[in-house]
Amino acid sequence: MMNATAADIETLKAAIRDVPDFPKPGIMFKDITPLLNDTALFGRAVKLLAEPYKGRGITKVIGMEARGFIFAAPVALELGAGFTPVRKKGKLPYKTVSVTYDLEYGQDTLQIHEDALAPGEKVLIVDDVLATGGTARGVCGLVEKLGGKVEAVAMLIELGFLNGRGRLSGYPVESLIKY
Ligand code: AMP
């Protein structure tokens with residue numbers, strides 16, 4: 001379990017701004033920029049995200065473009081692991097492995113460099129928001145295509161009503177802030 005106190009969670013929550021109808025009508029966007037703007041809160045969030053995974057032999061932390069990068073990179077440093085980017089199709093320069101997954105409407109493709117993981121490496125996947133879980137599920141697929149092992153999925157925010165956990169069944173999921 002994450003060792004966050006109720007006060008920690010309330011303080012972080014207070015720095016997340018709800019923006020209605022962004023990027024389209026009906027979506028309540030969780031804007032993390034006020035939290036990132038505050039060095040104490042940003043640092044606290046990174047430490048709390050990393051804490052449960054210390055000493056577990058994680059050698060790579062994966063972040064998804066673009067907001068996942070913001071948390072995954074400092075969590076990787078905190079764990080003494082490498083940082084591995086997963087990006088939208090066509091952005092990574094070297095040879096890639098791809099996964100295509102379903103969105104609410106249509107599909108999307110994510111890519112990872114084919115030499116980013118060695119077989120058997122223990123991987124932590126980090127993102128800012130767990131919504132439907134489609135993105136994180138796709139990343140789990142990429143890790144497994146390269147022979148890596150998904151040790152866990154760690155999220156700053158979980159939108160529980162979208163049941164992303166259901167889509168990630170079989171993978172340990174932890175989130176700091178739940179709605
Ligand atoms: P998912 O539906 O879990 O695949 O979420 C897709 C991506 O969209 C995640 O990387 C989230 O960062 C982002 N996302 C989805 N819903 C929201 C929301 N309400 N507020 C902020 N970001 C969101």
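Reply: Proline 23 lies in the loop between β1 (17-20) and β2 (28-31). Strands here are DSSP runs of E with at least two residues, helices are runs of H or I with at least four, and both are numbered from the N terminus. The model is predicted, so local features need pLDDT of at least 70 and side-chain atom pairs count only at pLDDT 80 or more, while totals for chains, interfaces and linings use all residues. Residues are numbered from 1 along each chain as its sequence is written, and side-chain values use heavy atoms, with hydrogens and water left out.

The peptide bond between phenylalanine 22 and proline 23 is cis, with omega about -5°. Aspartate 21 belongs to the loop between β1 and β2 as well, and its phi is near 60°, a positive value in a residue other than glycine. As a general rule, most residues other than glycine have a negative phi, and most peptide bonds are trans.

Another cis peptide bond joins glutamate 65 and alanine 66, with omega about -10°. Alanine 66 sits in the loop between β3 (60-64) and α4 (67-79). A positive phi turns up again at asparagine 163, near 50°, in the loop between β8 and α6 (164-167). Asparagine 163 is partly exposed, at 47% relative accessibility; buried means under 20% relative accessible area, exposed over 50%, and partly exposed lies in between, with a 1.4 Å probe and protein chains only.

Strand β8 (residues 149-158) runs parallel to β9, and five bridges join the two; strands pair if DSSP finds at least two bridges between them. Strand β9 (residues 173-178) is largely enclosed by the rest of the structure, because five of its six residues are buried.

Threonine 84 is in strand β4 (residues 82-88) and is buried, at 4% relative accessible area. Beyond its neighbours within four places in sequence, threonine 84 has contacts (heavy atoms within 4.5 Å) that include Lys60, Val61, Ile62 and Gly63, and also Ile112, Ala116 and Leu117. Its C-alpha atom is 23 Å from that of arginine 165, which is 81 residues away along the chain.

Glutamate 114, in the loop between β6 (107-113) and β7 (122-130), is partly exposed at 37% relative accessibility. Not counting residues up to four places away, glutamate 114 touches Tyr94, Lys95, Thr96, Val97 and Leu146. Lysine 95 is 19 residues away along the chain, yet the two C-alpha atoms are separated by 5.9 Å.

For the chain as a whole, the secondary structure comes to six helices and nine strands. A compact globule of 179 residues would have a radius of gyration near 16 Å, and the chain agrees, with 16 Å; the radius is taken over C-alpha atoms, and the globule rule is 2.2 Å times the number of residues to the power 0.38. The C-alpha trace spans about 40 × 40 × 30 Å along its principal axes. Among the 179 residues, 46% count as buried. Of the contacts with a separation of 6 or more, 59% are between residues 24 or more positions apart.
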